[in-house]
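Dear colleague,

I am passing on the structure below, together with some notes on what was found in it. Please read the notes alongside the coordinates.

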Amino acid sequence: MTATKPKPAAGKKPGELVEMAWDPITRIIGNLGVYTKIDFANRLVAECHTTSSLFRGYSVFMKGKDPRDAGFITSRICGICGDNHTTCSVYAQNMAYGIKTPPLAEWIINLGEAAEYMFDHTLFQDNLVFVDFCEAMVKQTNPSVLARAEATAAPGRDIHGYRTIADIMRAYNPFEGEVYKEALKVSRTTREMFCLMEGRHVHPSTVYPGGVGTMPQPTLFTDYLSRLISILDFIKKAVAMNDDIFDFWYEALPGYEEVGRRRVLLGCWGSFQNPDVVDYKYETMTNWGRAMHVTPGIVVDGKLLTTDLVDINLGIRILLGSSYYKDWAGQEEPFVKYDPLGNPVDIRHPWNQTTLPDPGKRDFNDKYSWVMSPRWFDKNSGEHLALDTGGGCFARLYTTALAKMVDTPYVKSTGHSVQISLPKSARLPEMTLEWKIPKWSNALERDRSRAYFIAYAAAMSLYFLERAMERMRGGDMRVFAEFDVPDEAIGCGFHEAVRGILSHHVVIRDRKIANYHPYPPTPWNGSPRDSYGTPGPYEDAIQNTPIFEENGPDNFKGVDIMRAVRSFDPCLPCGVHMYVGGGQTLKKIHSPMFGASHG
Amino acid sequence: MGEIRVGDPDVELDAPAHTKGVEEGNSRRRKQAGHHDDGTVDERRSTGIRPKKHGPILPIMPNLPPG
């Protein structure tokens, strides 16, 4: 089960538990707080609760609105991956209106989304995650590791040009390091690529149900291509540096694989539609889901449970238990009793959910979070699985690798790995990168996969560009389809936000929204204990995490816990506020905004 | 809404969007200038000013007007 294993009772002294809290932990919407009890004697996190203190209520105020506005409103859920919401909402609306996006528009959306993955992953990995691994941070938390890094040669030196591991760590230093600065420039380029396709970042102005408002013309695609080729060197170097630094980490700190480790329980809802197959009909969702260029799927203990979007859709359950909401089951009539294929739809499915907020006091034995507990019901085992997304990239590569369905000239899935081919770029030759399924689902592997997924998105966009230009040169310039809003309809959209699974469920009645529920990745990752007592993925991953930091309780930075949480990509780290027990509060700024000296 | 007090909705639905017979931007009845039924476009998509002067110079060329 996902519940943490019971710890051996012997040797555990209750007096040594120190309460530590980080609240808020990141800039993410939902104000994530992590409350832990740390056992400094055994160097272990004994207990963990994650909470959110922010209620938003999109599902409440979407009711009664014009469904065509849904994409524009839900985009505002997030300030960094809003376009993923627009795209997902458009997918759901396409199904509800019974329309299909023209192929050229589908390639344009795919190109925009690929640019978003490259942009967001680069920004997060090099400007935020690596602050936890940079020289300035490691000097304060693990001086012995830094000393060892100085003496360790970097195996990928010929590719990235850094002689030792410590040189790489210095390049990650905020504001001063070369990689940090170059990543900001790359983020700018990828953002321009995004804007070419979707008009505006991060709330697209040219993505609508039925198509796009982007005007296709030869320079649209060549402008994108020239920018893409200009960042290929950076991507190839980034993969080599990631491999070097994480391989070194396993070597320098034996046992580090346990940090942020949890059972392999991954969900991926698929990304990049294939216009040759997709028709947005629920009845054929199994086929067009499997034709996506990132295969949807659910992985349990390294085995692929399903790649069928209909199964995935019907298994979604929204549980309560530790969330400030009243139960709607038994109170409200279900909106959708049967799906269009005749399968029964559960009352806890997003189509039938009604949000009944019920604020209260934070009590870790009862209710403590505004996040609900989305789970996936496995009908074979009868378990409600607390799936995580592994920061998005990890689950995407994992399911795509296992499913062996993606086969394009630049990206191939082999059944145990994903091969990514990138052409020659300014400095480096043509390269084939291979992401192999790792042994663990832990902090370092989640972080490592992010660099590989940037390469995946880059390689895929080369393919999308070729297909789009071929179609355009053939004279097919259709990018939108007309439609009328039906009186009654239902729809669901499945997509991948940058940090993981994203679904939108809509019920239209009387041409207005009767029910709308977006489920982005963070409710899955950051969910509290559900009604069965199963902890959410953050809680599960942090509990029993060993502490490798050399500092004691007085100057504890919690870097191992931060690495575990940030590996899930909860957007951005910000001010951290630590409570060290006994009424003593330690305030630390844990942000790259103040330069390396502040760590 | 549970125990939360909420105000009256103060936004009126955009009336013309839901009145039968009034054309919507996405409507099937609407026709965009310069777009043909087979998915191709012509120079009229880009300009209304003497569009015929802005077509491709050879008949074998595809018509790819600028945005």
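**Salt bridges and a sheet in chain A**

Glu383(A) and Arg263(A) join their side chains in a salt bridge with an N to O distance of 4.0 Å, the term standing for a side-chain nitrogen of Lys or Arg within 4 Å of a carboxyl oxygen of Asp or Glu. This pair connects distant parts of the chain, 120 residues apart, with Glu383(A) in strand β11 (residues 383-385) and Arg263(A) in the loop between α10 (218-252) and β6 (265-268); helices (H or I, at least four residues) and strands (E, at least two) are DSSP runs numbered from the N terminus.

The model is predicted, so that local features need pLDDT of at least 70 and side-chain atom pairs count only at pLDDT 80 or more, while totals for chains, interfaces and linings use all residues. Residues are numbered from 1 along each chain as its sequence is written, chains are lettered from A and ligands numbered from 1 in the order in which they are written, and side-chain values use heavy atoms, with hydrogens and water left out.

Arg499(A) forms a salt bridge with Asp120(A) at 3.0 Å, N to O, and another with Asp569(A) at 3.2 Å, N to O. Arg499(A) counts as buried because its relative accessible area is 2%, where buried means under 20%, exposed over 50% and partly exposed in between (1.4 Å probe, protein chains only). Asp120(A), at 0%, is likewise buried, and so is Asp569(A), at 1%.

With kind regards
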